[in-house]
Amino acid sequence: EAAAVAAPSQPEVAAGSAASAVVLPERLQRREAERQQGVERQRQKKEAQVVKEEQSEFFLAAFAREREAVEALLAAGTLEEAAARLQALQKLLTGSVRFLAPYEVRQGQETVVRLQGDLAARRQQLQPKKKFAFRALKKEAAPGSASRPAEPAPPDPAEPGPGLAEGESGGPPLCGFSGAQDAELELGPAELLQRDVLLSELRGCRVRLRGNPNTLRVRDCSGCTVLCGPVSTSVLVDGCSDCLLALACQQLRTHRTRDCRVYVQVTSRAVIEDCSEVSFAPYSWSYPDIERDFESSGLDRNSNNWNLVDDFDWLATDRPSPNWSLIPEQERITSWD
């Protein structure tokens, strides 16, 4: 009788078996669904990787063709066409950074900078030929003709005035400032339009560049504020410390720099190397006619990757670089006057 009481009835056994039969398939179904989701994620990841590799291969082939075309035009002396193709090459690189590896971006940027230097050198190389031809015409004056007083040679438009920086040795002179201390320095649109600008070895200066330069280099400056209008191509900041910079450009490269704040609009990804304590915020400087200068520069005001920075000294992908940061919104400068 006790055994009969303890033993479950046949309906109870049947109900328990049915419940087990229901639970078991549900568990299997969940596992199968999770497995299918994992398989789908892996498939999408592989497809994305294939697309990325195909885009990278297409870019490298197109970039190589354009680079060779620019080099051929420079060798032939067709400088205006070479300049146009070089600008297109820069735009190709800028539009492709989202799917390129950091080392591919770096190689592309170094190639563009090299070609910009080659273009400037070729312009300087061809310039003396025109002056020589002018002097040769003077020697061919007819014998016995009345001699005319020599006209003073016009000043070189690119020659810097007192206190202005000169270009690298062997290269064309640049406009800019060098060696000043605790000074207010300024250049306007007519002086800057599509010129290469160099700021070097400044101490405690405030520099305003209202206009549209072609390139800008800020080298070995400390304790300075540099406010610059839209730059058509690249900005290089090298060897600077304790500086405040407002920059708009296609490409920003920062080397050997520490404790600087950069307010930037950049259409590619900014690059830092051998830097520390560099912080970024969106470009916010303004002045009358800045919109005209943006149109002249060709920069897209709606494209700004101010918070996308590649640190070539930080290879870890799972942790952010300790060498740069974003300026908190409440600490950003809104009024520059």
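Is Phe59 buried or exposed? Phe59 is buried, with a relative accessible area of 2%, where buried stands for under 20% relative accessible area, exposed for over 50% and partly exposed for what lies in between, computed with a 1.4 Å probe and protein chains only.

## Basis of the description

This is a predicted model, in which local features need pLDDT of at least 70 and side-chain atom pairs count only at pLDDT 80 or more, while totals for chains, interfaces and linings use all residues. Residues are numbered from 1 along each chain as its sequence is written, and side-chain values use heavy atoms, with hydrogens and water left out.

## The chain as a whole

Of the 337 residues in the chain, 38% are buried. Among contacts (heavy atoms within 4.5 Å) with a separation of 6 or more, 38% are made by residues 24 or more positions apart.

## The seven-stranded sheet

Seven strands form an open sheet in the order E2-E4-E6-E8-E10-E12-E14, with parallel pairing; two strands pair if DSSP finds at least two bridges between them. Strand E2 (184-187) and strand E14 (324-326) stand at the edges with a single partner strand each, so one side of each is left without a neighbour in the sheet. On average, and with direction ignored, neighbouring strands of this sheet are turned by 20 degrees against each other.

Strand E6 (residues 225-230) runs parallel to strand E8 (residues 244-249) and is joined to it by four bridges, and Leu227 has Ala246 in E8 as its bridge partner. Helix H6 (residues 290-297) packs on the sheet and touches E6, E8 and strand E10 (258-266), its direction making about 65 degrees with that of E6; such angles run from 0 to 180 degrees between N-to-C directions of lines fitted to C-alpha atoms, for helices over the stretch in contact. E8 also pairs with E10 in the parallel sense, over six bridges, and there the bridge partner of Leu244 is Arg261 in E10.

In a regular strand the side chains alternate between the two faces of the sheet. Both faces of E8 are covered, with Leu244, Ala246 and Ala248 buried on one side and Leu245, Leu247 and Cys249 buried on the other.

## Nonpolar cores

A nonpolar core is a set of buried Ala, Val, Leu, Ile, Met, Phe, Trp, Tyr and Cys residues joined through side-chain atoms within 4.5 Å. The largest one has 38 residues, of which Leu199, Leu202, Leu216 and Leu252 touch the most other members. E10 gives the largest share of this core, four residues. Apart from it lies another core of 18 residues, including Leu73, Leu74, Val105 and Leu119.

## Aromatic pairs

The structure holds five aromatic pairs, meaning rings of Phe, Tyr and Trp (its six-membered ring) with centres within 6.5 Å, counted as stacked with planes under 30 degrees apart, edge-to-face over 60 and tilted for the rest. One of them, between Phe59 and Phe63, is tilted, at 5.3 Å centre to centre and 35 degrees between the planes. Both residues lie in helix H2 (residues 10-76), four residues apart, about one turn of the helix, and Phe63 is buried, with a relative accessible area of 7%.

The rings of Phe280 and Trp324 have centres 6.0 Å apart and planes at 80 degrees, so this pair is edge-to-face. The pair links distant parts of the chain, with Phe280 in strand E12 (residues 276-282) and Trp324 in strand E14, 44 residues apart. Phe280 is buried, with a relative accessible area of 0%.

Terms used. Helix = DSSP H or I, 4+ residues; strand = E, 2+ residues; numbered from the N terminus.
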